[in-house]
Amino acid sequence: MEAQPGRDRILFTPGPLTTSLTVKQAMLRDLGSRDAEFMAIVAEIRDRLMRLAGARKESGWEAVLMQGSGTFAIESVISSLVPSGGKLLIAINGAYGERAAKIAAKHGIETVPVRSSEREPIDVDAVEAAIEQSSGITHVFAVACETTTGVDNAAQRLSTITNRRGLAYVVDAMSSFGGMPLDIEDAGYDVVISSSNKCLEGVPGFGFVIGRRDMLEAAEGNARTVSLDLAEQWRALEETGQFRFTPPTHAIVAFRQALLELEEEGGIPARWKRYQANHETLVSGMRRMRFREVVAPEHQSPIITTFHYPTGQRFSFEAFYQLLNGRGFVIYPGKLGETECFRIGTIGRIFPADVEALLVTIREALDEMGVSDGA
Ligand SMILES: *Cc1c(COP(=O)(O)O)cnc(C)c1O
């Protein structure tokens, strides 16, 4: 079975992800940045994002869109919110925590990295101890779902510590926002960051930040760059309804369509259910082929799953990847120091039937490689 001509492969990756035909079709427009229809769409999107997060203007929340991939939004937050003389604690248990530390270092922001095992959720006690030992911490950063492994960090566990001490708590919910339920106030987050092309199933092109208005106001003049100045971007969106620089118009109209499709599906609870069904289908099928997961089930999110390579057999990830790719399925390499592993994502416009089809193809690929099973 070859991938059908004219039909793209299905992406079982951490992004970019498979999108619906109707989301792609929504982009067949050329809207100007000052067009009233476009500005209304931007306002609608900001509104809908707030509602998805359980954030209300009356309670002091704001939503800001920022051009670029998700990392640009993260860089915008870190380089705009942490003032000079501020100090950022970063809980790190994977590549995305490391990336946040790299961003902070590039901007000369003093950081306190707190590293813990990549296979386990972030270590809350270690974070608390680091806050006690190191004076002057102003901001705390954590990743909600570490896409490096698929570990669900249960990041809300940190908020009692940050709230009690009056520290600003910034959460990278890139890979889970819209795919796992979140009430920003209950979770005790001050700022949440995600992007158009993860669980919300839009096309790549921008990220978004939902955060407390007082933090945006306090950020004025902090920014270390022009293009990623979050406070200025917010001001422009508020005062003119426009982006400061060329907006990703096509990605924005596609995103509105994606949000309508989320609503049609039954909102975040229904999407979460679908992703859980995708994940359960995947894991039970992989276990039947004797593949082993890297993360324990109690810490595993339904977003992406890491599997060990089969041992002592003629398994080659490159060959495996190419065999699946040729049949229309894209998986992802692993990203864990010494452990040889690969990842399969279960978010985006994919359904349990797609996962079943992937499983059949995995069996065929193993047979072709002469690998008896995943153990
Ligand atoms: C995808 C992702 C990002 C951002 O990645 P981009 O490639 O810049 O869109 C950041 N953090 C996490 C946890 C992610 O999964």
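Visitor: Which residue lies over the face of phenylalanine 351?
Guide: Arginine 274 does, at 4.6 Å from the ring centre. A charge sits over a ring if NZ of Lys or CZ of Arg is within 6 Å of the ring centre and within 35 degrees of the ring normal. This is a predicted model, where local features need pLDDT of at least 70 and side-chain atom pairs count only at pLDDT 80 or more, while totals for chains, interfaces and linings use all residues. Residues are numbered from 1 along each chain as its sequence is written, and side-chain values use heavy atoms, with hydrogens and water left out.

Visitor: And what sits over the ring of tyrosine 96?
Guide: The charged end of lysine 335, 5.2 Å from the ring centre.

Visitor: Now ring against ring. How many aromatic pairs are there?
Guide: The count is 16. Rings of Phe, Tyr and Trp (its six-membered ring) pair if their centres lie within 6.5 Å; planes under 30 degrees apart count as stacked, over 60 as edge-to-face and the rest as tilted. One of the pairs is tyrosine 169 with tyrosine 189, edge-to-face, with 5.4 Å between centres and 90° between planes.

Visitor: Why does that pair tie together separate parts of the sequence?
Guide: Tyrosine 169 is in strand E8 (residues 168-172) and tyrosine 189 is in the loop between helix H7 (184-187) and strand E9 (191-195), so the parts it joins are 20 residues apart in sequence. Helices (H or I, at least four residues) and strands (E, at least two) are DSSP runs, numbered from the N terminus.

Visitor: Buried or exposed, those two tyrosines?
Guide: Tyrosine 169 and tyrosine 189 are both buried. Buried means under 20% relative accessible area, exposed over 50%, partly exposed in between (1.4 Å probe, protein chains only).

Visitor: What about phenylalanine 307 and phenylalanine 342?
Guide: They form a tilted pair, 5.9 Å centre to centre with 35° between the planes. Phenylalanine 307 is buried at 0% relative accessibility, and phenylalanine 342 is buried at 0% too.

Visitor: Different topic. How many residues surround the ligand?
Guide: 13, and the closest are Ser69, Thr71, Thr147, Asp172 and Lys198. A residue is near a molecule if one of its heavy atoms lies within 4 Å of it.

Visitor: How far are threonine 71 and threonine 147 from its oxygen atoms?
Guide: A polar side-chain atom of threonine 71 is 2.5 Å from a ligand oxygen. For threonine 147, the distance from a polar side-chain atom to a ligand oxygen is 2.4 Å.

Visitor: Which element gives the largest share of the shell?
Guide: H3, with 3 residues.

Notes: Polar contact = N/O pair within 3.5 Å; in protein donor to acceptor, adjacent residues only side chain to side chain.
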